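Hello,

Here is the structure I promised to pass on. Please have it open while you read the notes below it.

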Amino acid sequence: MTDALDAILPGVLNTLLLTALSFLAGAVLALPIVALRSSRGLLVRGIARLFVDLLRSVPPITWLFLIFFGLPQVGVTLDAFPAALIGLSVIASAFLSETYRAGMLAVDRGQVEAARSLGLGSLDVGVRIIAPQAIRVVIPTSATYAIGLLKDTSVASTIGVAEIAMKASGYAQQNGQALRILTLAGVIYLVLSLPLAIVSRGVDRRLRLKFAVV
Amino acid sequence: MIGQSLVSAFEAAHAELFEGLLNSILLTVASLAIGYPLAVVLAVCVMAPSRWVRRTGLVIVEIGRGLPLLVLLQLIYFGLPDAGLTLGVTAAAVAGLAFQTAAYGSEIMRASLEAVPQGQHEAASAAGLSAAASFWTIVLPQGIRIAIPPMLSIGLTVFLATSLAFVITAPELMSKAYGYGSSTFQYLEVFVLAGLMYAAIALPASAAVALLERRLGRHLAHAH
């Protein structure tokens, strides 16, 4: 059992790194997307919406194959890890922009009107009035998304990123015992998602208490 | 130029790709046909009066939701033969997808059952129905109705997730696209085409689900 564990453990770092980096990049990239989706221009809004919908309507494995195997044809050759990171970040940005939007829509319109009547500009309204209130809706759903993302990083094994799933199936191909090693890989994913689940529940409860949302 | 090579790739690959797409759709239909009823069963288990039934149900749900589908599919296809259970690629893919449909679906089913207004329980018991009769004839049918739109969203997720059956070489759209790409080196064209095929199904389907959600939600606006 220990040799199986030794085989998988180096992959854990890559899984965690891929999850954390693509989540952070996605969280930042989602900001301009949300801004464009709330723009006054119909065309800009339409394009932003199409971008988000298209990203969500095509499976992650297709995006990763397109980036890793397809882009070299137009002269863009990437290693497996950056290819997976770019793909997962852009997909994450589409999903996270939707959670940001849901958070914004949850803020009472009267808040915006009150802030405007006090003479605050759009940027101030966004940063100082909407964002602090929207965040209590955004954090729990984002944490849930992060758990999903942790599992989605397993797709990176299909283009050869040496993360948990790749290490496990590589070991099984060499030594057999697929049942044992893949069960172990599954348990590791479950264990890794536990802290995120606890954080998501804890943060949710604290924010609810703080803002007295029922 | 890319448009031209897309058209010629489509002309060369469309028979393969459409066959793959059809298989992806068939995988989806089979997985949902098994997964949806199991979701209701699991939800009923998780809400059961018996603590042991409840716990067993919860463990099954958490395992189904916690495992990456890619690992689950490999576990079923490559791992289970170690335990004496060998499944073909299609059966393994359907087993994995149906299990996840059931696990995620049971959470939706549970929330939907809880969303049935308390007055319905009270009215049923005032009318003299036993607890069991009230659950099966009054609460469950209404819960299922509430669950329909989110369950259809899960169906859409399952359709996109059939792409992961690639890792166990099920002959679905990604396997066909990859096969064409590796024999012609037109990876870019074939994966763009595959992506467009997924989107051609998923985009209208999600718009239809959103429309249905508004339609079905209409009567609830008066109830609350």
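First, the ground rules. This is a predicted model: local features need pLDDT of at least 70, side-chain atom pairs count only at pLDDT 80 or more, and totals for chains, interfaces and linings use all residues. Residues are numbered from 1 along each chain as its sequence is written, chains are lettered from A and ligands numbered from 1 in the order in which they are written, and side-chain values use heavy atoms, without hydrogens or water.

**Interface**

Chain B puts 35 residues into the contact, and chain A puts in 30. Contact means heavy atoms within 4.5 Å. The area buried between the two chains is about 2700 Å², and carbon and sulfur atoms give 77% of that. Buried area here is the accessible area (1.4 Å probe) lost when two parts are put together, summed over both. The rule finds 7 residue pairs in polar contact between chain B and chain A, both residues at pLDDT 80 or more. A polar contact is a pair of N or O atoms within 3.5 Å; within protein, one must be able to donate a hydrogen and the other to accept it, and residues adjacent in sequence count only if both atoms are side-chain atoms. On the chain B side, α2 (51-66), α3 (69-79), α7 (173-184) and α8 (187-223) each give two or more residues. The largest share, 11 residues, comes from α8(B). Helices are DSSP runs (H or I, at least four residues), numbered from the N terminus.

**Gln73(A)**

Gln73(A) sits in the loop between α3 (60-70) and α4 (80-106) of chain A. Gln73(A) is partly exposed, at 36% relative accessible area. The classes are buried under 20%, exposed over 50% and partly exposed in between (1.4 Å probe, protein chains only). Leaving out residues up to four places away in sequence, Gln73(A) touches Phe185(B), Gln186(B), Tyr187(B), Leu188(B) and Glu189(B).

**Ser24(B)**

Ser24(B) lies in helix α1 (residues 2-46) of chain B. Ser24(B) is buried, with a relative accessible area of 0%. Its contacts, not counting residues up to four places away in sequence, include Phe159(B), Glu172(B) and Tyr198(B).

**Cores**

The largest nonpolar core has 88 residues, and Ile159(A) and Phe191(B) have the most contacts inside it. Another core, of 14 residues, lies apart from it, with Ile33(A) and Leu149(A) among its members. A nonpolar core is a set of buried Ala, Val, Leu, Ile, Met, Phe, Trp, Tyr and Cys residues joined through side-chain atoms within 4.5 Å.

Best wishes
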